[in-house]
Structures are given as C-alpha cells and as structure tokens.
Amino acid sequence: MRILESAPEIGEIGAGIQCLPNATRVLMSWGLEPRLTPYATSPRLCNMIGWKGNKVSEMDFHEYEKDCGTPFWDFHRANLHMGLLERAVELGAELVVKTKVVNVEYESSADGESEIAIAVCEDGRRFSADLIVGADGINSRCREILLGHEDPPLLTGDLAYRLLLKTEDMVKDPELRSFVEDPQVNYWMGPDAHAGKYHLRTQCSVWEVLMEASELRPPRRKALQHGASRARRYAGRREHINWQR
Ligand SMILES: Cc1cc2nc3c(=O)[nH]c(=O)nc-3n(C[C@H](O)[C@H](O)[C@H](O)COP(=O)(O)OP(=O)(O)OC[C@H]3O[C@@H](n4cnc5c(N)ncnc54)[C@H](O)[C@@H]3O)c2cc1C
C-alpha cells in the first residue's frame, strides 16, 4: 500500500479531535490501542450549558462507554496522525510526501483481463494500483474525478475559531483549575454561536467557537438549490436559539 500525500512533510497540524466510541472501535480494531492510549483523555461528562451558565443536560461518557464497549477519546491531532502513520508503516505501507494527485486514469492490465487504476500526479509521476482510495479531504480532487465535474465544498456561513491554552497556566487560575483536574467536555450554547472545550493529555486545552457569519451565508437561492436538508438544519437551530433566550 502506498499513501500519496500532497503536504511537503508530515508535521504537527491542527488542534484537538474528539473520537467517539464508533471511531475508537475502528482505531482499536486496527491495533492502535497501545499506541494511542498514552495520549488520550477519557472525559467523564459531556455538559450542555446555556450561554448564561445554566446547565441544560449532561451525558455520562463513562457509563455510556460501558454500553458501547469502547471509549470516548480526546487527542491532539498530531498524536492521532502519528499513531495512524506509524501503524500503517508497520503494516507495510509506504508514505510518499510532496505528491499531489491531479487525475485518475484507467489502463488494461498486462494480460488484458482486467483494468488497473493510475494516480496521476502534478509533477507527472504515475502510480498504478488495483484500488485507489480517495481520502483527500473537503476539497477532494478524487471526488471530482469520480463525479466528472467540479464539486467545491458548500459555504454554510458558519465560522470556527480554535485555540489551545497551556494547562500550566490554567491550573494557576481558580476558575479554570477544575477544567484540568476533572476533564470534561463542555458546550456553551448561545444565540447564533456556541463554544466548546475539551482537555488534551498533552498539556493543552482546546476551545472551539462556532458562529454564524451572516456575510458569509450563501444567498437564499443557493440554499434552496442545495435542497431542504440544510434549510431544515437551519430552522432547527433557530428554534433552539429562541428557546435559549
Ligand atoms: C474545527 C473542526 C473541528 C473538528 N472536530 C472533530 C472532532 O472532534 N471529531 C471528529 O471526528 N471530527 C472532527 N472534525 C472533522 C474532521 O476533522 C474531518 O472529518 C476529518 O479530518 C476528515 O478526514 P479526511 O481524511 O477525509 O480529510 P483530511 O483530514 O483533510 O485529510 C486529507 C489529506 O489529503 C491530503 N490531500 C488533499 N488533496 C490531495 C491531493 N490532491 N493529492 C494528495 N494528497 C492530498 C491533505 O494534505 C490531507 O493530508 C472537525 C473539523 C473541524 C473543521
């Protein structure tokens, strides 16, 4: 197996990522448990909190884990990426960086009995394979090749900001200390925005703020064009926001 990666090198990228039990089941089935547990936080509770500080509900992750059989894990993304990469290499995969795939072509195999796929790269290199898996993210070129037309991501009008705080600074603050000592996931929900926080083993804490930016919202015509599901999601959120007030 060969992994073609457009990035010039593999480095620390992104902030945190929360893996729910369906995802950790897959990670464990790939033999990643011993490699990842040293970096994982297993939060006890997930708290849904109103923007004025009122607790709306909570979910006991540890209780739920007993039903699921696999845990909730929070990581720094770099730890998850490195665990996946090391395991893939251990199983015989070869990583090729600085390799941007721009097209997929098909050719007859040498015996003419079947077809093989060829990943064509920006610099002209060609990698043949029995199977090509496109895992190239939100701006996927592979998706466009498969569909046969451009397929850029849809603008939702939502923005997310993320930041990491040093645990050593948080423990000095009487209001933030408990976030470190008793790791929990918190979501604060407010009008047109929400903020979330979870704790990472690697001495940092992630805060996400998601908000609607009306100037980025697509025109109504486009919303209708892309079907009712987005509109339903939007309406649901509006009701929720009114209830919060
Ligand atoms: C703010 C934020 C918070 C999130 N939090 C969570 C969370 O807590 N839990 C969760 O499960 N999900 C979360 N997600 C979603 C999650 O990050 C994505 O679903 C996931 O990263 C998608 O993985 P992927 O492998 O499809 O794409 P990516 O992670 O984007 O990886 C694609 C890779 O392909 C490479 N690539 C792209 N184009 C080419 C090309 N043409 N040729 C070669 N290589 C190429 C890229 O360099 C990249 O390495 C979050 C997303 C955001 C934005």
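Three strands of this protein chain form an open sheet in the order β7-β8-β9, and the pairing within that sheet is antiparallel. The model is a predicted one, and its protein chain holds nine helices and 13 strands. Buried residues account for 11% of the 245 residues in the chain, and, among contacts between residues at least 6 apart in sequence, 61% join residues at least 24 apart.

**The β11-β12 hairpin**

- Strand β11 (residues 185–190) and strand β12 (residues 193–200) are paired in the antiparallel sense over five bridges, and tryptophan 188 has alanine 195 in β12 as its bridge partner.
- Two residues lie between the strands of this hairpin, in which aspartate 192 takes a positive phi near 60°.

**Other backbone and loop features**

- Most residues other than glycine have a negative phi.
- Lysine 98, a residue other than glycine, has a positive phi near 55°, and its place is in the loop between β6 (94–96) and β7.
- Lysine 98 is partly exposed, because 13 other C-beta atoms lie within 10 Å.
- Helix α3, made up of residues 61–68, is hardly covered, since the count of buried residues among its eight residues is zero, and just after this helix glycine 69 takes a positive phi of about 85°.
- Glycine 14 lies in the loop between β1 (2–4) and β2, and with 13 C-beta neighbours inside 10 Å this glycine counts as partly exposed.
- Although glycine 14 and alanine 78 are 64 residues apart along the chain, their C-alpha atoms are separated by 7.2 Å.

**The shell around the ligand**

- Which residues come nearest to the ligand? Of the 16 residues around the ligand, those that come nearest are Ser6, Gln18, Val101, Asp136 and Gly137.
- The elements that give two or more residues to this shell are β2, covering residues 16–19, and β10, covering residues 158–166.
- By residue class, the shell around the ligand divides into seven nonpolar, three polar and six charged residues.
- Why does the ligand lie between domain 1 and domain 2? Both domain 1 (104–147) and domain 2 (159–238) give residues to the shell around the ligand, and the ligand therefore lies between them.

Conventions
Residues are numbered from 1 along each chain as its sequence is written. This is a predicted model: local features need pLDDT of at least 70, side-chain atom pairs count only at pLDDT 80 or more; totals for chains, interfaces and linings use all residues. A residue is buried if 20 or more other C-beta atoms lie within 10 Å of its own, exposed if 12 or fewer, and partly exposed in between; C-beta atoms are placed from the backbone. Helices (H or I, at least four residues) and strands (E, at least two) are DSSP runs, numbered from the N terminus. Two strands pair if DSSP finds at least two bridges between them. A residue is near a molecule or strand if its C-beta atom, placed from the backbone, lies within 6 Å of it. Ala, Val, Leu, Ile, Met, Phe, Trp, Tyr, Cys and Pro count as nonpolar, Asp, Glu, Lys and Arg as charged, and the others, Gly among them, as polar. Domain bounds come from an automatic or database domain assignment. Two residues are in contact if their C-beta atoms, placed from the backbone, lie within 7 Å.
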